[in-house]
Amino acid sequence: MAEFILTGFGDEIDAALDVQMDVMEKLDIHYIETRGIDGKNIADYAPAEAKAVFARMQARGFGVSALGSPIGKIGIEDDFAPHFEKFKRAVEIAKKLHTTRIRMFSFYIPEGKNPEIYHDTVIERIQKMVDYGEANGVHCCHENEKGIYGDTLKRVEKL
């Protein structure tokens, strides 16, 4: 039988990691999909800070199922270079959290424009992140959201 991990975003409980763990523990859930930790997005932590967060979690018997990131939540016409640097840092943070997954998005499409005209750019950017992530032991997991390229089944299949 396949194993699965029961997990959830703790920051939807409270901003404070200790409160997140208190509630998750009562629910017998021992994995947290990190996003907001102590009022700050985990992708904005320095790798050393993320390591300290993981130590706190591990001391309470928690693991990290995935890093919930804002990666890909920029406009497709925005400069990708600084965003890719942020992605590379998110990969390092994921490693400090002992997780192999980063949740990410597929770029906002300008309102009123046909998303298909951005297909090649989206695929190129996603592929660059996937390649970098895989080379570093981290899998990119797409999260859909209204207004991004991958907000329909047809375009998710293309991704």
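Tutor: Let's go to Phe 107, which sits in the loop between β6 (101–104) and α4 (119–135). Keep in mind as we go that this is a predicted model. The backbone of Phe 107 has a positive phi of about 75°, although the residue is not a glycine. Is Phe 107 buried or exposed? Its relative accessible area is 0%, so Phe 107 is buried, given that the cut-off for buried is under 20%.

Now set another loop residue beside it. Asp 28 lies in the loop between α1 (17–26) and β2 (31–34). Asp 28 is also not a glycine, and its phi is positive, near 60°.

From the loops, let's move on to a pair of helices. Helix α2 (residues 47–59) packs with helix α3 (residues 80–96) at an angle of about 25°, and their axes are 8 Å apart. Because angles under 35 degrees count as roughly parallel, α2 is described as roughly parallel to α3. The crossing of α2 past α3 is right-handed. On the α2 side, the contact is made by Pro 47, Ala 50, Lys 51 and Phe 54, while α3 contributes Glu 92, Ile 93 and Lys 96. Sorted by type, the residues of this contact of α2 with α3 are 4 nonpolar and 3 charged, with no polar ones.

Technical notes. Residues are numbered from 1 along each chain as its sequence is written. This is a predicted model: local features need pLDDT of at least 70, side-chain atom pairs count only at pLDDT 80 or more; totals for chains, interfaces and linings use all residues. Side-chain values use heavy atoms; hydrogens and water are left out. Helices (H or I, at least four residues) and strands (E, at least two) are DSSP runs, numbered from the N terminus. Buried means under 20% relative accessible area, exposed over 50%, partly exposed in between (1.4 Å probe, protein chains only). Axes are lines fitted to C-alpha atoms, for helices over the stretch in contact, and angles run from 0 to 180 degrees between N-to-C directions. Angles under 35 degrees count as roughly parallel, over 145 as roughly antiparallel, 65 to 115 as roughly perpendicular and the rest as oblique. A crossing is left-handed if the near helix is turned anticlockwise from the far one by less than a right angle, and right-handed if clockwise. Contact means heavy atoms within 4.5 Å. Ala, Val, Leu, Ile, Met, Phe, Trp, Tyr, Cys and Pro count as nonpolar, Asp, Glu, Lys and Arg as charged, and the others, Gly among them, as polar.
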